[in-house]
Amino acid sequence: MTDAGAFTNDWMELQRKYWEGWTALGRQAGNTEAALTNPWEAALDHWWKAVSPGTPDLSRDFMTKIMDQGKSFFAMADGFTKNLAGMPGSGSAATDGWGALTKTLEDMQKTFTSGFQQDGNEASRRIAGFWEMPYDNWQRMMSSMSLMPGDVLRNMPHNKVKDGLNQALSAPGLGYTREEQSQYQDLIRRGIEYQKALQEYLHFFSDLGAKSVARMRSFIETRDKPIDSARALYDSWVTCCEEVYAEEVKTPDYARVSGQLVNAQMAVKQRMAIMVDEALGGMNMPTRSELRTLQDRLQETRREYKALRREVEMLKRELGTAAPRPALVNVSSQAAAPKAAVAPAVTPKPAAPRRAPVARKTTPKAPTKK
Amino acid sequence: MFTIDIRPDKLSEEMLDYSRKLGQGMDNLINAGPIDTGVSPREVVYAEDKLVLYRYTTPEGVTPRPVPLLIVYALVNRPYMTDIQENRSTIKGLLATGQDVYLIDWGYPDQADRSLTLDDYINGYIDRCVDHIRETHGVDKINVLGICQGGAFSLCYTSLHAGKVQNLVTMVTPVDFQTPDNLLSAWVQHIDIDLAVDTMGNIPGELLNWTFLSLKPFSLTGQKYVNMVDVLGDQDQLKNFLRMEKWIFDSPDQAGETFRQFIKGFYQNNAFINGGFKIGGQEVALKNVTCPILNIYALQDHLVPPDASRALKGRTGSADYTELAFPGGHIGIYVSGKAQKEVTPAIGNWLNDRS
C-alpha cells in the first residue's frame, strides 16, 4: 500500500488556499493580470507536477489522461465564463451575458479560422484545442506503430518545396547506386504524399471547429433552461462537437480524406520496410520478406498436416483400429456429460488428435492473396 | 433569455468539488490493485495454436441442458467482456438458465499467424471446437452464439456446416455491411486493404483502436475521463471503470490474411447480401442457414447499426426466426444491468424452448 493519503492532504490544502484566493478575487471582480491565466488549470498543473513522480507508472499514465481532460474541462469553464460580468478578469467590456458570450464565440471562431496561429484570447485557443483531439489520437496511434515518438513525418516541408522537389525526384538515378537513389527518391515522394494527406485531414477538422462554434451558439440561443454549471456547459460543448463531427465524418469527403491518410502512411511504411530489408540482406541477416515466405510455407504445411491427420483418424475409424466413437444419442433423452468444478486457472491440454465425425474436403489450398 | 447562469461562487465550488474528487481518486487509483477480468469458474478443454476452448462450470443446483452452447467471439478485442465482473456477466446469466457454456478465446495472433485465413478460422478452428464439443456430449448438433464479428463467423460456419448447428444466436452481428448509417463501412471503402496488409503483415490493434475511437472522439477520449472523476471516490465503481478501460484498449492484432479477406469480402463487397463469397472453396450462402435463429441487436449501436443486423430477416433458409431489439449500445448489451435482466434470460429461454 502506498501512503496515498499524503496526496490528498497536500492536494486539499493547496486547493483550499487556491479557492480562498480565487473566491476573494471573484468578489472583487477585479482586473488583475493574475486572473488572466486559468487558475484551475494552473492549480492542477502545480499539484500534478509535485505528486506525479511518486506515483506508479500505470497510475501515472492513466491519471495523466484524466488530468489532461480535467484541464480541458477547466479551460472550457474559464473560456465561457471569463467575459461574464462578475467573473474575475472579465474586464470592463463585458457588460451583459450575450455580449460576453458573443465575444467568447467570436474569439473561438477567429482561433479556428486562423488555424490556431493568431495571437488572441488564450482561453478561446484552449477550447478550440479540443478539436485537435482527432489528430492527437492519430498521432498516438502513429507513435505506437513506430520507434519514433509522435508523428515524425508531420513537419517535413512539403507545400513550398513540393513542385521543385517533385521535379528533382523525377530525375533518374545514375551509376552504381542508381537503385538505392531511386528507393530514397520514392521514400521522399511518399513522405510528401503523406504530409499532403495529413494537411487535408487537419484542414477538414479546422472547418469543423468553426461549425461547432456556430452549433454551440444556436444551442445556447434556443435553450429554455439555463446552463448553471461548468459541467453542463462542458457537456453541451461536447455534444455540439460530437454532433457536428458525426454529420461531417459520414460524408464521402471524410471517407476519402481519412482513407487517403491511412493509405499514405502505409505507403511510407512499405517503402521503409523494403529499404530495411535490403539493409538487413546486405548484412547477411534474415529479412522480413524471407520470414514471410517461411511463415506462408509453414502455414500451408500445417494446413495440409491437420487435414491429413483428420483423414487418418477417419480411416482408422473405418478400419476399426481407432477407439470407438461414442454413439450419437437423441439429445432430448440424455443429459450432457457431467463437469468437474475446476478453478479458472488450469494448464491447457495439448491439442490431442481428434476424431472427425464429418469428413471435410482435404485438398490443400493455396493461401488466399488479394 | 440568456441561458448561461453560472455564478462565480458556484463555479468555484464546482471546481473545488472536482478537485477534491480528483485528489481522493488518486488514493483509490494507486490502491486499485490488479484489474481482474473473467469471474466464472472454467476449465480448458481444448487448445490449438493460440486458440483455447473453455468450458464453464455449471453452478450448483442447476441441471445443464443436453445441447451445449458454444460462444464465438470476435477477433477484435477480448472475449472476457462476456464475463467481465460478478454482476455483469452474460456467461453467468446463461449458466443460470441451464446452458452448458463453451467459449473460444482466440488469443493474440503474432506475425507467425499472419497467413491464417478465414478458412483456417471457420473450417479449421471453429469446426474442430464444434467437433470436440459434439463428441464430448455425444450429440450431432450444438447451439452456437456468435458475437459481433463472431456472429458473422457463426453465420458463415452454419452456412457451411448446417448439420452441426441446432440453434443459432447472433448478437450485434453485421449482416448488411453497407447500410447508410454504418460509419466504419463508409470509412473503410477508401482504404487500400492490400497495401495495409502487405505492409504491416498483421493489422495492429492500435490501428483498430484509433478507428473505433474516431467514431466519437470527444466523448470517448475526452468527456469520459472528465465524467470518470465522479466514480473515482468509489473503489468498486472505479474498478468497474478500469475493467472497461482495459477491455477497450486490449486489442489483439488481426491476422493479416483473415483481415484482408474479411474487410474486402464483407465490408467492401457486402458478401452476405451480394453473395458469391467463398471460404475454403465453398460459397457462403445465408439460405443454407436453416436452423432456428435468434437475432439480437442494440438500438443505439454505433459500431453495428440496427439495420445492419436486421438485414438477416428473410435472408436465411430458417423457418424459425426471432428478433430481439435491446435499447442500448454495442457494449451495454453485455454489461448493462438491463441486459443482465432482459437479454441473457431471453437467450436462455429461447434456447431451452428449442433444445
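**Exercise 1.** Find the strands of chain B that helix α14 (residues 337–354) lies across.

*Solution.* Start with the helix: α14 of chain B lies across β3, β7, β8, β11 and β12 of chain B. Next, take its direction: α14(B) runs at about 170 degrees to β12(B). Here helices (H or I, at least four residues) and strands (E, at least two) are DSSP runs numbered from the N terminus. Angles run from 0 to 180 degrees between N-to-C directions, and axes are lines fitted to C-alpha atoms, for helices over the stretch in contact.

A word on the source: this is a predicted model, in which local features need pLDDT of at least 70, side-chain atom pairs count only at pLDDT 80 or more, and totals for chains, interfaces and linings use all residues. Residues are numbered from 1 along each chain as its sequence is written, while chains are lettered from A and ligands numbered from 1 in the order in which they are written.

**Exercise 2.** Work out the strand order of the open sheet in chain B.

*Solution.* Walk across the eight strands: β1-β2-β6-β3-β7-β8-β11-β12 of chain B, with mixed pairing. Two strands pair if DSSP finds at least two bridges between them. Now look at the edges: β1 (42–48) and β12 (321–326) of chain B each have a single partner strand, so one side of each lacks a neighbour in the sheet. From one strand to the next, the twist averages 20 degrees.

**Exercise 3.** Describe how β8 (residues 165–171) of chain B is joined to β11 (residues 293–298) of chain B.

*Solution.* Then pick one residue: B:M171 has B:I296 in β11(B) as its bridge partner.

Methods:
Two residues are in contact if their C-beta atoms, placed from the backbone, lie within 7 Å.
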